[in-house]
Structure formats: structure tokens, C-alpha cells
Amino acid sequence: MYSLWTELLLLVFACFVEVNGEENIWHLGIIYDGTFAHTEHDIWLLLEDLNARIPHLLCAVLDARVCLRLPKYKFTVGEYSLHEVCRQIELGVRSIISLTNCATAKQIEATSSQYHIPHFAIPDASCTRQQLVSNVKEFAWTNSALPWVVRAPEVLATALETIMRVDRISELLILSDGSSVIPPEILRRETNRLLSNKLATAISVQVFHTKANCNDPISCPGHSFMSILNQFKTRNTTKSVNSFPTYIFLFETKRGSEEIINSINDYELMNEDFFWVLAEQTDVAPLLQHLQSPVELPVDKSWKPNVAVLRWLPPIQTLSGAMEFISNKTEFPMDLIRHTTEQYPERMMSIAFLVFESTRAYVDIRRQYHHLFASKNIRCTTDKPTLFSAGVKIRDTMTARIKNSKVNQQLIFYATTTEINRNQQKSTQFIPTAVISDGNLTFTKWGKLILHETRKSGLFPNSFRGLHGRILRIGVVIDPPYVQTCEVSSKGQLINPAGLMIDLTQLLAERFQFRPIFYESSDQQYGAADKSGNWSGLIHDLLTGRIDIAAAPLAFTEDRAKVIRYLGPFMVSQAATLAVKLYDNASPFRAFRPFQREMWLLLITSIFLTGVILFLLNYFSPFSAWNLGLPDSSENEVSVRENIWSALSSFLLQGCEVYPLAPCARSAIISFWVMIVIFYATWQAFMTATMSRSDVKMPITTLDELAYSQSIIPVAPEGSSITNAFSVSSF
């Protein structure tokens with residue numbers, strides 16, 4: 001018993017003092033720049049909380065005997081200056097975590113690497129691709145990989161490009177404060193797609209600032225954010241949302257996210273019509289408390305904000321299943337995430353990640369290479385500086401762990417979902433709908449459910465997904481085949497309706513989960529406005545609330561679009577003018593057009609056949625000049641070649657070369673001549689009709705001539721789209 005208690009006391013004592021008398025302290029330094037200094041987040045509060053929580057969380061992933069040898073923490077925090085790095089190193093800091101921009105982070109890396117002090121940077125969103133590429137000669141490390149928690153611009157650009165492809169975004173508006181490097185990269189990629197004849201997104205970029213009454217183009221580039229929202233507001237109130245991009249990528253790196261979200265909410269633009277993606281954020285806490293329904297919003301107005309963020313760590317504490325999307329190669333505890341995400345932005349949470357992982361690395365390396373942690377006072381000097389012996393191993397270990405965690409390669413798409421309870425109270429939270437890694441998007445279980453219900457996109461939970469069994473009154477006009485004639489009740493309800501519009505509505509009812517009840521138009525008309533602006537038909541029923549939806553072949557008109565909202569076309573029809581097709585008579589073979597090919601073959605055959613018949617009759621007839629032995633007879637009379645030639649000459653109206661004497665031969669040649677006369681008469685009639693057709697001119701060739709024509713009057717059904725088109729034309 002005595003030996004057991006002795007061993008236990010020695011292990012507890014080893015948590016603070018090593019056997020050789022060295023203190024077991026893990027001294028970490030935190031350096032931040034002036035931009036982060038203006039945030040309202042207190043690093044000391046986070047570090048004090050980590051000091052109390054991380055040892056307990058580490059014990060859950062480490063061996064029990066190792067857990068008893070965990071170090072004490074010591075933190076040194078300071079704002080960046082030319083001497084801050086050296087000051088912290090001389091105070092005993094053995095690893096530095098920085099919250100600065102990329103240029104400052106590289107200066108810290110250059111100084112700390114001279115003394116082999118590991119530096120773990122968490123730069124802001126202004127890093128360029130060149131700044132994230134390390135050169136071995138640039139720092140005093142053999143491993144050029146940077147153990148930084150930062151996403152390269154191409155990683156975020158690829159993720160956003162993947163979202164554009166998956167969500168089939170045709171038009172996109174990019175709002176940028178001018179400091180992000182991502183919008184030019186997205187524009188470059190979409191331009192290359194367009195030049196490669198691939199489907200590309202039409203992108204508009206607008207630079208904005210959040211300063212009031214600022215006209216300086218240098219300090220306040222672009223338009224004010226309020227003026228941009230005014231354009232949104234104007235188009236939204238005039239029901240022309242479709243003419244404005246509904247997808248907006250917001251790039252804001254200057255600490256204005258809270259103000260921007262509040263402004264968007266105040267302008268009533270947090271609704272189902274717009275999809276906001278906060279692509280880059282500043283050092284602000286999660287924006288959930290700002291995504292609340294404004295009090296002045298009408299009760300019946302739809303308020304379901306479609307807001308999404310791209311993060312590695314979950315943005316809320318209530319999401320118990322989010323940890324499954326973080327790489328299983330890291331043992332970063334979910335309890336630590338839950339505690340910090342509610343209060344701190346992702347960069348602050350990354351401090352917790354680095355403190356946790358660097359402590360694990362410190363414990364593992366110290367257990368195997370105890371001699372590397374011998375106490376040495378390091379002074380900043382260029383003359384043979386003293387090196388931290390364990391710095392290289394700690395840095396290499398952290399580089400591998402950061403890579404395995406995929407913190408710099410994997411992004412999770414978190415979007416808002418709004419739930420309404422029985423008391424009509426709305427609560428909004430973020431849920432992960434997709435994981436994007438290396439340009440591949442994988443839907444989560446929530447995303448798959450949303451994709452199944454919306455049949456369009458699984459990214460935004462607040463997209464329209466159904467009516468949950470609600471009864472809708474559908475207005476129709478009995479007009480076969482759209483709606484067949486059926487019985488109508490005294491209230492105008494159709495009994496056992498059938499027709500094209502009925503079938504289409506039933507398909508929509510199955511898809512969007514509603515129950516349709518069909519009503520006939522109050523005046524059996526589709527809908528037109530009189531001179532006083534009063535509407536009739538289905539349009540009148542919609543405006544008065546008699547029906548919820550009109551299902552009919554209503555043509556798209558400007559006047560109707562001002563008072564109703566079209567859900568989309570189900571049929572496309574076109575109007576055209578019919579006329580006889582004019583033939584081109586310039587062909588050199590147009591003389592052969594009256595007769596078909598078979599007719600010409602028959603004529604050629606008749607010439608040869610007539611010549612052969614004449615030969616046979618002259619050869620065998622006893623009354624032929626050759627057989628009678630007359631003095632003027634010729635042997636051509638009984639020649640096959642000459643008889644065929646004589647038939648061809650007759651066909652070409654050149655006369656006969658051989659005139660037969662036998663009556664039977666003369667009868668044959670006379671019959672052939674009669675056929676030739678009939679043929680030429682027919683051919684001449686067809687040629688006259690064919691050749692003279694080019695002289696026929698159309699009485700009208702343009703709509704202008706049709707409008708001013710006094711002889712031709714176009715006919716169209718009253719109230720049709722053709723009549724409406726001509727009534728509003730300028731003629």
C-alpha cells in the first residue's frame with residue numbers, strides 16, 4: 001500500500017516538476033495585429049478558459065499515466081511590433097500563435113525560425129496565393145511547409161465554384177469590400193469557362209463600403225452598402241425580383257459583418273427570394289443573434305432567411321452531429337467546440353485547436369526526447385543564436401496534424417433553417433448541408449433530405465419545400481382540352497373535373513403536398529383590364545382572394561405581370577404567317593422539272609421501241625420499198641440504227657430520215673407523231689406555269705406592310721395573346 005501511494009504521489013508531482021528538477025511548463029505566445037486589436041474579443045478570457053478545460057479534454061484521448069504528466073500552461077499575449085517576437089522568445093515562449101495578416105505572419109515566421117521557435121499562424125482573409133507559398137531559403141527550416149491554419153484563395157474559389165455548379169446558378173451578384181482576392185479568381189475561372197464554350201454563370205461584381213457620407217474613392221471605394229440595398233428594396237417592392245440576381249456572395253473582411261447583416265434585415269431582404277453566402281468573414285462571433293425576424297415586418301410576410309457561411313468548425317453549440325464532418329484523423333474534442341463557438345469567431349476557435357494539438361505534440365515529444373527540452377535561455381541575437389532543440393520536431397508534428405485535420409482543405413456549408421412553433425414563434429439556427437473538399441461536394445444527411453424535398457438544391461434548408469397538406473383553391477376556365485366540360489356547383493366548384501390543367505395541377509399537388517379544389521372563373525373569362533383598370537376573369541378572382549392559384553393558359557403580358565405573379569409557363573406557343581414557298585428557278589435543269597424522272601425514262605424507251613418496231617415492219621412487210629425492189633429504195637429502210645435515228649429526229653421535231661412505204665409502218669410512225677404532239681403540248685403548259693411562278697410577288701413582306709394594308713385584314717381570336725400584342729404595339 002505504501003509503494004502504491006508513493007508512486008501516485010510521484011506521478012502527481014511529475015505533472016509540475018520533472019525528475020531532474022525542470023519545470024513542466026508549456027509556454028505559448030499569442031501575437032495579434034492592430035486590426036484584431038479593435039475587435040471586442042478578449043483573448044485572455046479564452047486562454048483562461050482553455051487553461052482550465054484542455055487538460056481534462058486531453059486526458060480523454062491520452063493514456064492515463066501520460067495524463068498525469070500534462071504540463072502547466074503559461075501564456076504571453078502582445079500586439080505585434082518589431083520587437084514583440086524577440087520579447088516573447090526571451091520571456092521563454094517556445095511556440096507562437098499569431099492573429100495577423102499574411103505579410104506580418106511571414107515576418108514573425110522569419111524571426112522565430114532563426115531560433116527554431118515553432119510559429120502557427122492564423123492569418124486573416126487577405127492572403128494571396130504567393131504569400132502562402134514558402135521557400136526553404138526564406139526561413140531557417142528544412143521543411144518548407146507552413147503549419148498555418150489558413151485556406152488558400154484557390155480552395156475557397158473552388159468551393160464557391162462548386163456551389164455555383166451544384167445549385168445551377170445562372171446569375172450571381174458578388175458584393176465585395178475590395179480587400180478580398182477571391183472575386184477576381186472567380187471571374188477569371190468563369191471567363192475561361194465561357195471562352196471554352198462551357199456553361200458559365202453571369203456574374204456582376206459591386207465594390208461597396210460601409211462608411212456614411214464618405215466620398216473619398218480611395219478610403220471608400222465603390223458605392224455605399226445602403227445605396228445597393230436601396231436598389232434591392234426598390235426592385236423587391238415593384239415585384240421585379242426576377243430581374244435581379246437572387247444569389248449574392250458577400251466578401252467582407254473589415255469587421256462590418258454585424259452591421260451588414262443588420263442592414264440587410266432592416267431592408268426586409270432576409271426572405272426566401274434571396275440567397276446570401278457569407279464567403280469570407282471578419283473576426284466577429286456567429287451572426288445567429290442578428291438573424292432574427294424584424295419586429296416591424298408584417299405578420300403575414302414570409303421571413304425565412306437564406307444565409308450560409310463556409311467554415312471548418314460548426315458555428316453553433318446546439319449542433320450535436322457536426323463533429324462527424326470534421327476529419328476523423330484529429331481528436332479535437334466536440335466539447336471544446338461547443339463551448340467556444342457560441343462566443344468566438346472561427347479564428348478564435350482556431351487558437352483552441354492549435355493549443356490543444358500543440359499540447360499533444362509537446363507531451364508526445366517530451367516523453368520520447370526529454371533531453372531536447374533542457375532549459376535554455378534564448379536571447380535574440382544574430383551572433384550564433386541559441387536554438388530551441390525540440391522546435392523542429394514540434395513544428396513537423398503540427399504540420400502533419402494540421403494537414404490530416406483538413407482544416408485548410410475542407411469546408412462545410414452551413415445554412416440557416418427556420419422553424420415555426422404552434423405559437424407562430426420562429427427560431428433560426430445553422431445546420432451543415434454539404435461538405436466541400438478538393439472541389440467535390442457531398443451532401444450531409446440534412447442536405448440529402450432537403451434535396452429530396454426541394455428537387456432543386458440541398459444547400460438551403462429555407463428553400464420552398466412544400467405546403468404540408470394545405471388546401472388551395474384553383475381557378476380554371478372550362479375550355480377543352482385544358483378543362484373538359486363538367487358539372488359545376490352553385491358555388492362555382494367543379495365536380496369530377498378532367499383535362500390538361502387538372503392533370504398538371506394534380507402532379508403539382510403530389511410534388512408540393514397540397515390538396516386542390518377547382519373553381520370556375522366567376523365570369524368564364526381568362527382576365528382582361530378595362531379602361532378603368534378593373535380586371536375580369538381569373539385575374540379578378542385572384543385579386544379579390546376568391547382563388548389562390550389560377551391554372552389556365554394565361555399569356556404573359558406586362559399589364560398582368562403588374563398585378564399577379566407568374567409561377568412559370570407550362571406551354572409555349574408561337575404565332576406565324578403562312579404563305580406559299582417560292583421556288584428558285586435559276587437551275588440550268590429547270591426545263592426537266594415539269595416531269596418526273598420516270599416520265600423521261602419512259603420517253604427515251606419509247607424512242608428506242610418505235611425505232612425497233614419500224615425496223616421490223618419494214619423488214620418483214622412485203623409492201624416496203626426494199627422488199628418491192630423499187631429503184632429509189634434504200635437499205636436504210638431495213639436498218640435498226642437508221643430507224644431508231646429516224647424516231648429520235650421525229651421526237652426532236654427534225655423530221656424523219658426514212659419515210660416508210662408500207663401501210664403498217666406508216667401507221668406506226670403516225671401514232672408516234674401524235675404522242676409527240678401531246679407530249680409537247682403538256683410539257684409547254686407545265687413549263688409556262690413553272691417559269692411564270694417567279695413573277696408572283698407576296699402582297700406583304702413585313703408586319704409594317706400588314707399593319708397598313710387596306711386589302712389584307714389579319715384575323716385573330718378576341719382576347720388572345722395575338723390581339724393583345726397588336727393592341728399594345730406602336731402601330
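Biologist: Is Glu161 buried or exposed?
Modeller: Glu161 is buried, because its relative accessible area is 17%, where buried means under 20%, exposed means over 50% and partly exposed lies in between, with a 1.4 Å probe and protein chains only. This is a predicted model, in which local features need pLDDT of at least 70 and side-chain atom pairs count only at pLDDT 80 or more, whereas totals for chains, interfaces and linings use all residues. Residues are numbered from 1 along each chain as its sequence is written, and side-chain values use heavy atoms, with hydrogens and water left out.

Biologist: What does Glu161 form a salt bridge with?
Modeller: Its partner is Arg189, with the closest N and O atoms 3.2 Å apart; a salt bridge here is a side-chain nitrogen of Lys or Arg within 4 Å of a carboxyl oxygen of Asp or Glu. The pair links distant parts of the chain, 28 residues apart, since Glu161 sits in helix α7 (residues 153-166) and Arg189 in helix α8 (residues 182-195). Helices (H or I, at least four residues) and strands (E, at least two) are DSSP runs numbered from the N terminus.

Biologist: And Arg189, buried or exposed?
Modeller: Arg189 is buried, because its relative accessible area is 16%. Arg189 also forms a salt bridge with Glu185, where the closest N and O atoms are 3.0 Å apart, and both of these residues are buried. They lie four residues apart in helix α8, so about one helical turn separates them.

Biologist: How many salt bridges does the structure hold?
Modeller: There are 14 salt bridges in the structure. Another one of them joins the side chains of Glu642 and Arg641, at 3.7 Å from N to O; Glu642 counts as buried because its relative accessibility is 18%, while Arg641 is exposed, with a relative accessible area of 64%. Salt bridges that share partners also join Glu161, Arg165, Glu185, Arg188, Arg189 and Glu190 into one network.

Biologist: Switching to the sheet, what is the strand order?
Modeller: The order is β2-β1-β3-β4, four strands in an open sheet with parallel pairing, and two strands pair if DSSP finds at least two bridges between them. The edge strands, each pairing on one side only, are β2 (72-79) and β4 (119-121). Ignoring direction, neighbouring strands of this sheet are turned by 20° against each other on average.

Biologist: How many bridges join β3 to β4?
Modeller: Three bridges join β3 (residues 95-99) to β4, and these strands run parallel; within β4, Ala121 is the bridge partner of Ser98. Helix α6 (residues 102-113) packs on the sheet and touches β1 (25-32), β3 and β4, its direction making about 170° with that of β4. Contact means heavy atoms within 4.5 Å, and axes are lines fitted to C-alpha atoms, for helices over the stretch in contact, with angles running from 0 to 180 degrees between N-to-C directions.

Biologist: Where does Ser95 lie?
Modeller: Ser95 lies in strand β3 and is buried, with a relative accessible area of 0%. Leaving aside its neighbours within four places in sequence, the residues in contact with Ser95 include Trp26, Phe120 and Ile394.

Biologist: Back to α20, which helix holds Val640?
Modeller: Val640 is found in helix α20 (residues 640-651), and Val640 counts as partly exposed because its relative accessibility is 36%.
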